[in-house]
Amino acid sequence: MAALDAVVDRLCCPVCRGSLRPDGRRLLCPAGHAFDIARQGYVNLVGGHRRHHGDDARMVTARERFLGAGHYGPLSSTLAELAAAHAPADDGIVVDLAGGTGHHLSAVLDASPHRYGLCVEASTHALRRAAKVHPRAAAIGADVWAPLPVRSGAAAVVLSVFGPRDVGEIERILGPWGVVVVATPLPGHLAELGRLVGGIGIDPRKPERLAASFRRFERLALHQVTRRIALGHGDVHAAMAMGPSARHLTDDDLARAIARIPEPVDVTVAVDVSVHRSQRH
Ligand SMILES: C[S@@+](CC[C@H](N)C(=O)[O-])C[C@H]1O[C@@H](n2cnc3c(N)ncnc32)[C@H](O)[C@@H]1O
Ligand SMILES: [Zn+2]
């Protein structure tokens with residue numbers, strides 16, 4: 001709750017865009033719109049009907065397990081280094097868009113000891129974890145395709161790691177000289193799993209589409225995180241179950257497919273990490 005108290009003045013009411021203030025176990029705006037703070041410490045700031053529910057319990061558990069095993073450690077470190085190197089020297093917060101369990105946000109906050117963070121997520125299952133991931137991280141339920149309940153100019157850094165993003169909203173919430181750090185999978189990313197177990201490939205035009213969507217920004221850095229990792233069957237299961245393929249496969253289908261592949265299996269991690277600065281300063 002300390003983190004939520006620290007960032008509440010950077011949030012706004014999703015219904016009327018008014019300011020929010022803590023009022024016992026809820027956040028309240030001057031017009032009387034109230035949002036309960038969940039037992040786990042996150043607060044749902046969705047005005048009206050929830051259109052996106054994000055990842056289900058099975059996907060979130062699988063992602064937590066895969067990330068917890070350290071397979072994306074080099075990605076977390078790269079995000080943390082780039083955020084610390086390029087963020088402006090102000091008190092803007094770090095907003096992790098579609099931040100899942102807040103795993104990468106936690107690494108970024110460790111490398112930026114004076115900043116607070118905010119995980120913005122649609123999935124209740126992910127929010128329960130994100131609210132506790134770091135003492136300086138708050139977590140709010142929100143839809144990244146709707147106007148974010150975040151004040152204009154509140155963020156020094158926006159993280160967008162493998163999640164949906166609305167570039168217009170990123171631009172709005174970034175403060176002067178603020179940066180967005182984006183991670184997107186390259187076509188070879190976890191490709192062996194797609195071949196061995198079956199899954200959805202990565203659009204080869206993704207880097208092109210990303211560059212086009214950030215055309216109003218200045219690109220400050222581009223890094224590739226590439227490595228080979230050896231995965232046991234449990235890790236392969238987690239990697240498949242946390243991704244979009246999980247929606248098409250039952251646990252039994254997945255277990256049967258995995259039983260047929262060698263163990264451990266070498267898999268490629270290939271991720272583009274880019275830093276873009278808004279030109280509006
Ligand atoms: C591939 S996961 C990435 C999570 C996190 N960034 C990470 O790398 O660990 C995509 C995330 O986007 C969330 N999500 C999907 N649609 C969303 C929406 N419309 N608004 C907010 N979050 C959404 C999902 O719940 C999921 O946690
Ligand atoms: Zn309101």
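Classified by residue type, the shell around ligand 1 comprises nine nonpolar, six polar and four charged residues, where Ala, Val, Leu, Ile, Met, Phe, Trp, Tyr, Cys and Pro count as nonpolar, Asp, Glu, Lys and Arg as charged, and the others, Gly among them, as polar. The model is a predicted one, in which local features need pLDDT of at least 70 and side-chain atom pairs count only at pLDDT 80 or more, whereas totals for chains, interfaces and linings use all residues. Residues are numbered from 1 along each chain as its sequence is written, chains are lettered from A and ligands numbered from 1 in the order in which they are written, and side-chain values use heavy atoms, with hydrogens and water left out.

Ligand 1 is surrounded by 19 residues, of which D55, A98, E121, D143 and V161 are the closest; a residue is taken as near a molecule if one of its heavy atoms lies within 4 Å of it. Polar contacts, defined as pairs of N or O atoms within 3.5 Å, include one of 2.9 Å between a nitrogen atom of ligand 1 and a polar backbone atom of A98. A polar side-chain atom of D143 lies 2.8 Å from a nitrogen atom of ligand 1, and a backbone N or O atom of V161 is likewise placed 2.8 Å from a nitrogen atom of ligand 1. Of the 600 Å² of accessible area that ligand 1 has on its own, the protein covers 91%, as computed by the Shrake-Rupley method with a 1.4 Å probe.

The zinc ion (ligand 2) is coordinated at 2.1 to 2.3 Å by C13 (SG), C16 (SG), C29 (SG) and H33 (ND1), donors being N, O and S atoms within 2.8 Å of the metal (3.2 Å for Na, K and Ca). The angles among the four donor atoms are 100 to 117°, and the site is tetrahedral, a term applied to four donors if all angles lie between 85 and 135 degrees. In sequence, the donor residues follow the spacing C-x2-C-x12-C-x3-H. C13 is buried, with a relative accessible area of 0%, while C16 is partly exposed at 35%; buried means under 20%, exposed over 50%, and partly exposed in between (1.4 Å probe, protein chains only).

Eleven salt bridges are counted, each requiring a side-chain nitrogen of Lys or Arg within 4 Å of a carboxyl oxygen of Asp or Glu. Among them, R26 pairs with D23, with the closest N and O atoms 2.8 Å apart.

Terms used:
Tetrahedral: all angles 85-135°; square planar, octahedral: opposite > 155°, others 65-115°. Polar contact = N/O pair within 3.5 Å; in protein donor to acceptor, adjacent residues only side chain to side chain.
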